[in-house]
Amino acid sequence: PGVQLIDSAEETAGAVASLLTERKITQPAGAAVTHRFAVSDDPTRFRSVGSRFLGERLEDVEVVSLES
């Protein structure tokens, strides 16, 4: 009793949606969507795992270095 569970992913998505709407940078309904991903690890593994989450083949995956 008295404890409220919070889904951090849902709260983050809501906060991002609000911010995009506030700044008027939302994607128009029905517009084509493209994804671009930057990874610091194995791009092949990321494509495999990411495609399972998104339900589509991931094409644009760029490897970036975290070193200065």
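Trainee: How much accessible surface does the protein have, and what share belongs to carbon and sulfur atoms?

Mentor: Accessible areas come from the Shrake-Rupley method with a 1.4 Å probe, and for residues only the protein chains shown count as cover. Here the total is about 6,300 Å², with 53% belonging to carbon and sulfur atoms. Keep in mind that this is a predicted model, where local features need pLDDT of at least 70, side-chain atom pairs count only at pLDDT 80 or more, and totals for chains, interfaces and linings use all residues. Residues are numbered from 1 along each chain as its sequence is written, and side-chain values use heavy atoms, leaving out hydrogens and water.

Trainee: What share of the residues is buried?

Mentor: Buried means under 20% relative accessible area, exposed over 50%, and partly exposed in between (1.4 Å probe, protein chains only). Of the 68 residues, 7% are buried. Take Gly-50, in helix 2 (residues 43–54): it counts as buried because its relative accessibility is 10%.

Trainee: And what is the radius of gyration?

Mentor: It's taken over C-alpha atoms, and the globule rule is 2.2 Å times the number of residues to the power 0.38. A compact globule of 68 residues would come out near 11 Å, but this protein has 16 Å. Along the principal axes, the C-alpha atoms fill a box of roughly 45 × 35 × 30 Å.

Trainee: In what order do the elements run?

Mentor: Helices (H or I, at least four residues) and strands (E, at least two) are DSSP runs, numbered from the N terminus. The order is α-β-α-β, from 2 helices and 2 strands.
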